Amino acid sequence: MIHATLASTATAITQAQGTQTLIAILLGISFVTYGIVQTRRKAATPSLPMAPVSALSAASLLVDGVQAVDFLYRMAKEVVSPVYRLPLPQLRPVYVVTDAGVGHAILADNAHDKSPFYEPLCKLTCGPSIVTRKTADPAWRRARKHVVHAFRPDRIIAMRSEIMRILEDWITSDVESLARAGGVLDINQAMLDVTVQFICSAGLGYACPMDEARKVVADLNVAAVEYALLQPFNPLRAYMAWALPAVREARMAMERVEAFAKRILAAHRATPPAHRADGTIIDLLDSTPDYPDEAKVSDIIVFLIAGHDTTAFTIAWALYALARHEKEQQHLRQALAASDRPEACEELKAVVKEAMRLHPVVALGTARVLASDVALANGSVIPRGAEVLMDHFSMHRSPSLGDPDAFRPARWLGTQAEVEVAQAAMMPFSAGARVCVGKELAKAEIHAVLARLIGRFRFAVHREPQANLGLTMSPKGLQLLVQEA
């Protein structure tokens with residue numbers, strides 16, 4: 001009996017082992033077959049080119065504010081591909097997109113979500129914010145859906161009156177005397193001063209004294225270099241505060257910015273409801289349901305950042321372009337004088353579009369991780385899991401324009417075909433579900449300031465700038481001579 005049982009057990013074990021062996025063989029064949037198919041598919045798929053630069057050089061140039069933009073544009077021209085791979089010392093492959101059509105297609109798919117490059121930006125906003133949260137995050141959807149109403153046309157009109165008041169005060173106190181003497185204007189500092197007051201007063205309901213505004217801007221600049229430029233490409237810096245003074249300075253700067261944002265929120269809440277302006281950014285942020293105070297503070301910082309330096313530097317770049325092209329400046333001045341609504345005249349719109357094309361302040365500002373392969377028109381594929389960076393600077397200078405490096409506002413007033421070519425190369429406010437929520441306010445500010453300044457004053461270049469990439473691309477060192485027109 002025992003022998004029979006043992007024999008039966010042995011037979012069962014042998015059969016089980018045989019089944020396991022068969023399964024192992026079948027799995028092995030499947031893996032080999034899959035490998036062969038994948039190898040043949042990859043061999044048949046055109047590969048994307050690698051940038052002709054070492055990993056060490058690429059990493060060091062990307063964090064060099066002055067050289068980063070020129071480096072990426074040089075790579076785009078040498079590689080001549082809508083997408084190329086950038087050798088960086090990290091596990092996830094990094095691809096750079098230089099074609100706006102490819103960029104739009106990627107950003108239109110919400111499955112391709114925010115990149116880990118954004119994680120250090122949480123430190124720049126003192127926590128997760130409307131910029132850094134994932135698209136699938138219900139908190140992002142809730143905040144975005146609520147605050148978008150602050151940028152309705154009627155709210156833009158309401159904010160514009162406050163913007164014009166601040167602008168006229170600045171012109172009266174600073175610019176008129178400079179113009180009479182033919183003086184030099186530090187246009188970057190001037191525009192930062194004005195635009196931070198714009199967003200604080202018109203959007204956040206906070207009367208910000210100039211000295212306080214300048215301290216906040218200075219602190220944000222210190223923190224932006226560390227958290228938006230250095231740490232995304234070198235995450236180890238976050239653990240080296242003991243050895244790197246810049247890391248400690250950025251941390252202290254953000255503590256002061258956070259305290260400033262809390263003062264704005266407290267000032268709003270201390271204002272009697274009867275005296276609050278309904279539908280402002282701060283009003284809608286504070287009334288967002290299921291949104292804790294720390295998230296509101298983070299979003300206040302986001303709107304401080306997005307509401308001042310992008311607008312300030314766009315205006316500065318536009319004035320620089322007009323100062324270098326006297327005939328274009330004079331042509332615009334004449335068009336403004338002949339218009340019933342100078343801020344809406346077509347010639348001004350063309351100048352703004354051309355300045356934003358040639359000098360996009362968000363030169364390298366959008367990054368995604370691909371949730372699936374992205375096939376390109378030439379048959380090549382950006383693989384799933386890749387990190388994708390949008391090089392807006394190179395996109396906007398597409399060879400399809402014919403003269404991509406020329407400042408030529410007339411391209412926006414030409415034939416429909418010419419305008420379509422220019423528009424196809426543009427992506428100044430990003431795209432898709434994460435398109436800039438405040439773009440209409442930004443455009444209103446830019447048009448209002450340029451219409452007023454060019455209408456009254458004449459500008460010439462006193463000191464040429466360097467394109468400097470931090471959180472945004474600024475015309476570092478730019479100085480303009482200003483005279484009465």
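Author: A helix here is a DSSP run of H or I with at least four residues, and helices are numbered from the N terminus. Everything we discuss comes from a predicted model.

Reader: Why is S474 called buried?

Author: Buried means under 20% relative accessible area. S474 has 10%, so S474 falls under the cut-off and counts as buried. Leaving out residues up to four places away in sequence, S474 touches F313, W317, Q466, A467 and N468.

Reader: And what makes R456 partly exposed?

Author: R456 has a relative accessibility of 27%, so that is where R456 belongs. R456 is found in helix α18, residues 439-456. Apart from neighbours within four places in sequence, R456 is in contact with I171, E176, E484 and A485.

Reader: How far apart are R456 and K476, in sequence and in space?

Author: R456 and K476 are 20 residues apart in sequence and 25 Å apart in space, C-alpha to C-alpha.

Reader: How do you know that β10 and β11 pair?

Author: Two strands pair if DSSP finds at least two bridges between them. Strand β10 (residues 466-469) and β11 have 4 bridges, in the antiparallel sense, so the two strands count as paired. Q466 stands opposite K476 in β11, and S474 lies in that strand too, which spans residues 473-476. With 3 residues between them, β10 and β11 form a hairpin.

Reader: What makes β4 and β9 the edges of their sheet?

Author: The open sheet has 3 strands in the order β4-β12-β9, with antiparallel pairing. β4 (184-185) and β9 (457-463) each have a single partner strand, so one side of each lacks a neighbour in the sheet. Between β9 and strand β12 (residues 479-484) there are 6 bridges, and F459 stands opposite V482 in β12. Helix α13, residues 309-324, lies across β9 and β12 and runs at about 90 degrees to β9.

Reader: Why is the set of 134 residues called a nonpolar core?

Author: The name applies because such a core is a set of buried residues of kinds including Leu, Phe, Trp and Ile, joined through side-chain atoms within 4.5 Å. The largest core has 134 residues, and those with the most contacts inside it are F71, L86, W170, I281, I300, L319 and F459. Helix α13 gives the most to this core, with 11 residues. Another core, of 18 residues, lies apart from it, with V83, V97, L107 and M390 among them. In soluble globular proteins, nonpolar side chains tend to be buried together.

Reader: Which way do the residues of strand β8 point?

Author: E387 and L389 point one way from strand β8 (residues 387-390), V388 and M390 point the other way, and all are buried. In a regular strand the side chains alternate between the two faces of the sheet.

Reader: What makes β8 a partner of both β2 and β5?

Author: Pairing needs at least two bridges. Strand β2 (residues 94-97) is joined to β8 by 4 bridges, running parallel, and strand β5 (residues 366-369) pairs with β8 over 4 bridges in the antiparallel sense. Both therefore meet the requirement. E387 is the bridge partner of V94, and V369 stands opposite E387.

How values were computed
Residues are numbered from 1 along each chain as its sequence is written. This is a predicted model: local features need pLDDT of at least 70, side-chain atom pairs count only at pLDDT 80 or more; totals for chains, interfaces and linings use all residues. Side-chain values use heavy atoms; hydrogens and water are left out. Buried means under 20% relative accessible area, exposed over 50%, partly exposed in between (1.4 Å probe, protein chains only). Contact means heavy atoms within 4.5 Å. Axes are lines fitted to C-alpha atoms, for helices over the stretch in contact, and angles run from 0 to 180 degrees between N-to-C directions.
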